[in-house]
Amino acid sequence: MTDAPAAYDTTAIEAKWQAAWDEAELFRADRSEAPKYYVLEMFPYPSGRIHIGHVRNYTMGDVIARYKSSCGFNVLHPMGWDAFGMPAENAAMAFGGHPKDWTYDNIAVMRGQMKPLGLSIDWSREFATCDPEYYGQQQALFLDMLEAGLVYRKPAIVNWDPVDMTVLANEQVIDGKGWRSGAEVERKELTQWAFAISDMAEDLLAGLETLDKWPDKVRLMQENWIGRSRGLQMTFPLSAPTHGTDGIEVYTTRPDTLRGASFIAIAPEHPLARALAADDPDLAAFAVDVRKGGTTEEALEKAEKRGFDTGLTVDNPLGGTLPVWVANFVLMDYGTGAIFGCPAHDQRDLDFARKYDLPVTDTFVAVSDGHPVGDVAFVPPKTEAVRWLNHPLDLDVATGQHAIDATIDWAEAEGIGTGRVQYRLRDWGLSRQRYWGCPIPVVHCDDCGVVPERKENLPVRLPDDVTFDVPGNPLDRHPTWRDVACPACGKPARRETDTMDTFVDSSWYFARFTAPRAETPTDHDEADYWMNVDQYIGGVEHAILHLLYSRFFARAMGRTGHLPQGTEEPFNALFTQGMVTHAIYQTRDAKGRPVYHLPEEVDLDTKTVKATGETFEIIPSAKMSKSKKNVVDPMDIIASYGADTARWFVLSDSPPERDVEWTAAGAEATHKHLRRVHRLATDIARADRAPNAADADLAKAAARAIHEVTEGIEGFAFNKSVAKLYEFTATLHKSDAGADARRDAMRTLAQLMAPMTPHLAEEIWALMGGEGFVARAPWPKADPALLQDDSVTLPVQVNGKRRSEITVPKDMPKPEIEAMVLADDAVQRILDGAAPKKLIVVPGRIVNVVA
Ligand code: ANZ
Ligand code: ZN
């Protein structure tokens, strides 16, 4: 035998413990008598490789899962794949191959990369949303929602790419052009499926109040997205009724500005606009023309304001008449599709008025220095007091909100209109004209119309034999897949070829994880036991749509009997983690354009590019991006340092909600630390030293560590836990305590490290003779007696002003306290070399210095 300590061989250690956990089925979740805890991280899209952001996200979830499990909870911590979507189809178009192969190959690669991280995942529950077993249940859910009136068909205006012959999502429209084809996007009306989410707007808003373990910013984003506003709905009678129309109904959230109205504008799709266009080729041409360009709010915001004067006028209930225009910036599916324009207090209206020379009338001005509107509309916050120049109630100084409420009451009393609550939230159009998604399980029959597929025929499977050599939806041009017998009458009919928005797939996967192999979307008993998700963790980029859709689905699944009561808010707590960033190393080419270099291509000591010797510039803390070459591959890190180093690093340094900067030096230092811990454990395992006075101090330090590490984990301040663990390791290292005391402390250290560096923790636990897995050992408890603080903090005043403070043991003798005070930086600075005139120590209270 040699005396050399066993090396910290991460490859061997990590593989050994992963195999042991698997063998013992340690992370398998089955219902039990124990209280449950469901931890979920947003499941990944199988893009091809895991990145360091995944490592951070899943490590955080794993810390919680392992910690809760040690605390005695029956933990569910599943993983799956958000596997449908455009990139698979784009890959097929660009490189040939099949979206299915691309997807499942990527999943295999990423699963293979995730396993070495040692996450405590119940892999027996894994599924991909493109598995027919999953999407078939999604189809069943869809049919139940159809029956419950939660999903319906409606004409919708969509972004149509005339080259790719496909509908584009709003985010696929870039500057009014198709993101792939670059073609000018058109607005086209199609019959589309939509979820009736807006019916639940009130409830979705009210539910936010209960989510006290969600970040405030996420709740606010949801609130703004739902966008509740109370406004006035009123009708302006046409001066001369025409085309069967007597008046134009408008919806306004600023009825208080009615005296500043200078025109009426209606959407090109408004029934009156359509009726007029039928006799007016110019108007018809205008309507076609403005339909080019996207339907996004942003696109409309940016698009030049354009209008067509119909020549009609309406009577203003406050006197006079207003001209009626058709305008491109008025949306048909919002409010009533018609507005009154008030240029002084709305920028769009102002741009429009200036362009077409319409009057601009101020209704209010700023209380101080109020001056008329020029080219910028005056739109103060509704809570700000303003001076009214023109208000039906002759207000003087009042806030916008007060004026709005008063105007609505007045308008109702006068019979001019009715107060109406309106939500910005619109129904969720889910039809996508693509292949790689969940088929919508309905059939179109000439006789029966839209007929739901029978449940026993589910899943409606995607056909494998499709090609991607031409744009458009391959399901549309498949020779046979569309042809089916009508489920109602049996006559030849056609399958729906649209598939579902992939947001649908991720809106209920959390529920499916509770019974992933059930023959129905969920299993009642399993859902009853496991729901809700106790802790959900993911990126803030999903703060709006994904979470809102999931909250809608939880409600819809409750109504259709797929989730028990009390799951309307499916995520009890939400945590949104920051990114992992990395410096960019940049030089410039002869033309001054930036050239980027990979971390391994540069020498950080000399600040030069290895190959060329050029000096580079460092742009710190940038979002990792392949094009900027500031990426690190988790697999490389695991290969050189092991998973525990990667895990520890992403938890250290920054609070979890903030970004953390990856540096090679930091990774190296982390690894060194873990190696030292391993070595310390090996030393302690063989050391033999009698119990002594230092034992008690070490026990105290351990109790403090338990207390603070636990607090850090509970409070999602993993960085604080990590810092405390560094400190405790140093204390243990220096301690002169006896062998047993040091072993106890080392065991505690292993337990506290286990959620973060589980492999090393198991190794040390075994070295210390711990029983079974550290992962199964109950979380250590700090003896409250040992936590008693026996130090005090004394404020130090100099000439009556508080200048500093010192922390000393409660029983420190006065002379020692005096010496400490005199050594204090702040005190020294003031005394500036002189001795104090007086120094008064009031034990346990305060120190007064007279200079
Ligand atoms: C008059 C007015 C005066 C307005 C003013 C604003 C400022 P929010 O608050 O987001 O719900 N609007 C209503 N329907 C519209 C549609 N279909 N297309 C485009 N714009 C529409 O927005 C409500 C305001 O947006 C309404 O209040 C209306 O313009 C406009 F100083 O009416 B307002
Ligand atoms: Zn039929």
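Glu25 sits in the loop between helix H1 (10-23) and strand S1 (36-41). Helices here are DSSP runs of H or I with at least four residues, strands are E runs of at least two, and both are numbered from the N terminus. The model is predicted: local features need pLDDT of at least 70, side-chain atom pairs count only at pLDDT 80 or more, and totals for chains, interfaces and linings use all residues. Residues are numbered from 1 along each chain as its sequence is written, chains are lettered from A and ligands numbered from 1 in the order in which they are written, and side-chain values use heavy atoms, with hydrogens and water left out.

Glu25 has a positive phi of about 45° although it is not a glycine. Most residues other than glycine have a negative phi. Glu25 counts as exposed because its relative accessible area is 51%; the cut-offs are under 20% for buried, over 50% for exposed and partly exposed in between, with a 1.4 Å probe and protein chains only. Asp832 also has a positive phi, near 50°, and is not a glycine. Its loop runs between helix H27 (825-831) and strand S35 (838-842). With a relative accessible area of 66%, Asp832 is exposed.

Next, the peptide bonds. Most peptide bonds are trans. Leu458 and Pro459 are joined by a cis one, with omega about -5°. Pro459 lies in the loop between strand S21 (449-452) and helix H13 (474-477). Another cis bond joins Met531 and Asn532, where omega is about 5°. Asn532 belongs to the loop between helix H16 (524-530) and S25.

Four strands form an open sheet in the order S2-S1-S25-S26, with parallel pairing. Two strands pair if DSSP finds at least two bridges between them. Strand S2 (74-76) and strand S26 (574-577) are the edges, each pairing on one side only. Strand S25 (residues 535-539) pairs with S26 in the parallel sense over 4 bridges. Ile537 stands opposite Phe575 in S26.

Now the zinc ion (ligand 2). Its protein donors are Cys445 (SG), Cys448 (SG), Cys486 (SG) and Cys489 (SG), at 2.2 to 2.3 Å. Donors are N, O and S atoms within 2.8 Å of the metal (3.2 Å for Na, K and Ca); water is not among the atoms, so sites may look incomplete. Along the chain, the donors follow the spacing C-x2-C-x37-C-x2-C. The site is tetrahedral, with angles of 107 to 112° among its 4 donor atoms. The ideal angle for four tetrahedral donors is 109.5 degrees. Cys486 counts as buried, at 3% relative accessibility, whereas Cys489 is partly exposed at 36%.

Finally, helix packing. The axes of helix H3 (residues 86-95) and helix H4 (residues 99-114) come within 8 Å and cross at roughly 120°. Axes are lines fitted to C-alpha atoms, for helices over the stretch in contact, and angles run from 0 to 180 degrees between N-to-C directions. H3 is therefore oblique to H4. Angles under 35 degrees count as roughly parallel, over 145 as roughly antiparallel, 65 to 115 as roughly perpendicular and the rest as oblique. For helix H22 (residues 718-734) and helix H23 (residues 739-753), the axes come within 11 Å and cross at roughly 165°. That makes H22 roughly antiparallel to H23.

Conventions
Four donors count as tetrahedral if all angles lie between 85 and 135 degrees; four count as square planar and six as octahedral if opposite donors are over 155 degrees apart and all others between 65 and 115; anything else is irregular.
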